[in-house]
Amino acid sequence: MKYPAMIILITSVFSIVGCGPKVGSDDWCNEMKEKPGKEWTFEETGDYTKHCLLNQKPVGSDKWCDEMQDKPKKEWTLEETGDYTKHCLLNQK
């Protein structure tokens, strides 16, 4: 009886972890605007500056997709491959 409960717990944790918008996306930038600055982490501050203020090619943008096309496929990370497939090929923005 312990195993079904454990499976439900693990499934719940994994579903919660992957629910937020992608860092640098418009949705993420909008969420960060609403979040009080004193609650931001150092990493969030840097990402917000880079992606939302300086507009440096957020993942899935047309510019990012174009740059990924020019980058040799053997140099892509696993995350870049997944993001490229999701945002550039399947157009799930």
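Read along the sequence, the protein chain runs α-α-α-α-α. The model is predicted.

Student: How many helices and how many strands does the protein chain have?
Tutor: The pattern along the sequence is α-α-α-α-α. The secondary structure comes to five helices and zero strands.

Student: What share of the residues in the protein chain is buried?
Tutor: Buried means under 20% relative accessible area. The protein chain has 93 residues. Buried residues make up 23%.

Student: What share of the contacts with a separation of 6 or more joins residues 24 or more positions apart?
Tutor: Take the contacts in the protein chain with a separation of 6 or more. Residues 24 or more positions apart account for 31%.

Student: Turn to H2. Which of its residues are buried, and how are they placed around the axis?
Tutor: Trp28, Cys29 and Met32 of H2 are buried. Seen down the axis of H2, they fall within an arc of 100 degrees, so they line one face of the helix.

Student: Which exposed residues sit on the face of H2 turned away from its buried side?
Tutor: Exposed means over 50% relative accessible area. The face of H2 turned away from the buried side carries four such names: Asp26, Asp27, Lys33 and Glu34.

Student: Which helix is included in what covers the buried residues of H2?
Tutor: Look at the residues in H2 that meet a partner: Trp28, Cys29, Met32 and Lys33. They meet Glu44, Asp47, Tyr48, His51 and Cys52. Those partners lie in H3. What covers the buried residues of H2 includes H3.

Student: What is the angle between H2 and H3, and are they parallel or oblique?
Tutor: The axes of H2 and H3 are 11 Å apart. The packing angle is about 125 degrees. That makes H2 oblique to H3.

Student: What is the hand of the crossing where H2 passes H3?
Tutor: H2 and H3 pack at about 125 degrees. H2 passes H3 in a crossing that is left-handed.

Student: How far does H3 reach from its first C-alpha to its last?
Tutor: H3 covers residues 42-53, twelve residues. At 1.5 Å a residue, 16 Å is expected. The reach of H3 is close to that, at 16 Å.

Student: Which residues of H3 are buried, and over what arc?
Tutor: Glu44, Asp47, Tyr48 and His51 are the buried residues of H3. They lie on the same side of H3, because they cover an arc of only 105 degrees.

Student: Which exposed residues does the opposite face of H3 carry, and what covers its buried ones?
Tutor: The face of H3 turned away from its buried side carries exposed Phe42 and Leu53. The cover over the buried residues of H3 includes helix H2 (26-34).

Student: Which residue with a positive phi follows H3?
Tutor: The phi in question is near 55 degrees. The residue is Asn55.

Student: Where is Val59, and which residues does it contact?
Tutor: Val59 is in the loop between H3 and H4. It is partly exposed, at 23% relative accessible area. Leave aside neighbours within four places in sequence, and Val59 is in contact with Lys22, Trp64, Asp83 and His87.

Student: How far apart are the C-alpha atoms of Val59 and Ser25?
Tutor: Along the chain, Val59 and Ser25 are 34 residues apart.

Student: At what angle do H4 and H5 pack?
Tutor: H4 spans residues 62-70 and H5 spans residues 78-89. Their axes are 11 Å apart. H4 and H5 are oblique to each other. The angle is about 130 degrees.

Student: Which residues of H5 do those of H4 meet?
Tutor: H4 passes H5 in a left-handed crossing. From H4 come Trp64, Cys65, Met68 and Gln69. In H5 they meet Glu80, Asp83, Tyr84, His87 and Cys88.

Student: Why do the buried residues of H5 line one face?
Tutor: The buried residues of H5 are Glu80, Asp83, Tyr84, His87 and Cys88. They line one face of H5 because, seen down its axis, they fall within an arc of 105 degrees.

Student: Is Thr85 buried, partly exposed or exposed?
Tutor: Thr85 lies in helix H5. Its relative accessible area is 32%. Buried needs under 20%, and exposed needs over 50%. Thr85 is therefore partly exposed.

Notes: Residues numbered from 1 in each chain as written. Predicted model: local features only at pLDDT ≥ 70, side-chain atom pairs only at ≥ 80, totals over all residues. Heavy atoms only, no water. Helix = DSSP H or I, 4+ residues; strand = E, 2+ residues; numbered from the N terminus. Expected span 1.5 Å × (residues − 1). Buried < 20%, exposed > 50% of the residue type's maximum accessible area, 1.4 Å probe, protein only. Arc of directions from axis to C-beta. Contact = heavy atoms within 4.5 Å. Axes fitted to C-alpha atoms, helices over the stretch in contact; angles between N-to-C directions. Parallel < 35°, antiparallel > 145°, perpendicular 65-115°, else oblique. Left-handed = near helix turned anticlockwise from the far one by under 90°.
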